[in-house]
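Reader: I would like to go through the charged pairs in a protein model. Could we begin once the structure is on display?
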Amino acid sequence: MEGQIKQFLSYLEVEQRCSRHTVGAYGRDLRQFNAWRDSDDCSTVTPGEIRAWIGDLADGGMETATLRRKAQSLRAFFHWRQKTAGAPSNPAADIVLPKLRKHLPNFIKEEEMEALLDTSHDTFAQERAHITLAMLYSLGLRQDELLTLTDADVDYPGREVRVTGKRNKQRAVPLPDQLAEGIRHWQEVRDARYPQLERPAALIAGPHGHLSKTALYGVVRDALATVSAGRKSPHTLRHTFATSMINNGADLDAVREMLGHESLATTQIYTHLSFNELLSNYRHSHPRARKDE
């Protein structure tokens with residue numbers, strides 16, 4: 001089975017253009033199932049075996065979201081076998097798992113974000129934190145998208161930033177004048193600190209080039225220490241970007257394009273979030289609503 005797993009992962013990476021994180025997760029899931037089953041003959045896998053494996057994982061306390069991904073990993077693998085090896089059926093096709101609870105995204109209040117971005121930033125660490133917050137909040141980037149940006153991706157004359165998203169799909173997002181000035185200033189600060197960087201330089205850089213995810217998370221977490229949001233992460237700033245856009249009247253499809261969502265349904269969660277905020281304000285402000293409490 002290991003040989004077929006490697007072929008499948010290559011198919012995901014090359015033909016489906018899946019991210020390295022997706023490929024890695026699918027590979028771990030498939031190898032974990034293979035080890036649990038203790039057999040290399042994937043042609044004899046049954047739905048009952050898959051249900052038993054998922055059941056064992058669930059009994060061990062694994063979260064529903066992870067269980068669903070593991071089932072999807074098997075479903076995708078056996079579907080690939082049907083297409084490439086002529087397997088007669090997909091034993092994972094009818095595996096049913098509980099639906100995920102939908103959690104509304106966490107976001108930061110606009111006034112808190114504006115106050116943070118208006119704070120003075122004199123040291124190198126403060127400069128890097130400031131431009132990191134400004135780019136995540138102003139452009140709605142995923143953390144991976146920010147981390148892979150280089151100077152070559154910033155088009156000052158065209159006033160846009162070229163972003164490489166999931167499945168290596170590229171999109172252009174508008175670069176507002178104030179952010180453009182902030183990036184230019186940051187590049188000067190960065191180059192004075194790290195003149196040895198390879199060119200084109202990583203936009204948000206450390207001494208050896210692109211920051212790691214862990215380092216970026218630390219920068220954002222520390223910079224957001226004073227805000228009221230429960231979670232203080234790069235993704236919280238992406239949620240904040242989307243929520244601010246929709247609350248201020250942006251077209252939903254335009255927000256979808258800027259976020260790099262394939263489906264409008266993914267973007268629509270922010271309309272529910274906006275309504276929730278509206279409802280909360282109504283219940284706390286309107287005299288007729290307060291009577292119901």
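Author: Let us start with a term: a salt bridge is a side-chain nitrogen of Lys or Arg within 4 Å of a carboxyl oxygen of Asp or Glu. Please keep in mind that this is a predicted model.

Reader: How many salt bridges does the structure hold?
Author: There are 16 salt bridges in the structure.

Reader: What do the side chains of lysine 213 and aspartate 144 form?
Author: They meet in a salt bridge, with 3.4 Å from N to O. This pair links distant parts of the chain, since lysine 213 lies in helix 9 (residues 213–223) and aspartate 144 in helix 7 (residues 143–148), 69 residues apart.

Reader: Which residue forms a salt bridge with arginine 142?
Author: Its partner is glutamate 145, and the closest N and O atoms are 2.5 Å apart. Arginine 142 and glutamate 145 are both buried.

Reader: Turning to arginine 37, which side chain does it meet in a salt bridge?
Author: Arginine 37 meets glutamate 49, at 3.0 Å from N to O. The two are 12 residues apart, with arginine 37 in helix 2 (residues 20–37) and glutamate 49 in helix 3 (residues 47–59).

Reader: Why does arginine 37 count as buried?
Author: Arginine 37 counts as buried because its relative accessibility is 13%, and buried means under 20%. Glutamate 49, at 23%, is partly exposed.

Note on methods: Residues are numbered from 1 along each chain as its sequence is written. This is a predicted model: local features need pLDDT of at least 70, side-chain atom pairs count only at pLDDT 80 or more; totals for chains, interfaces and linings use all residues. Side-chain values use heavy atoms; hydrogens and water are left out. Helices (H or I, at least four residues) and strands (E, at least two) are DSSP runs, numbered from the N terminus. Buried means under 20% relative accessible area, exposed over 50%, partly exposed in between (1.4 Å probe, protein chains only).
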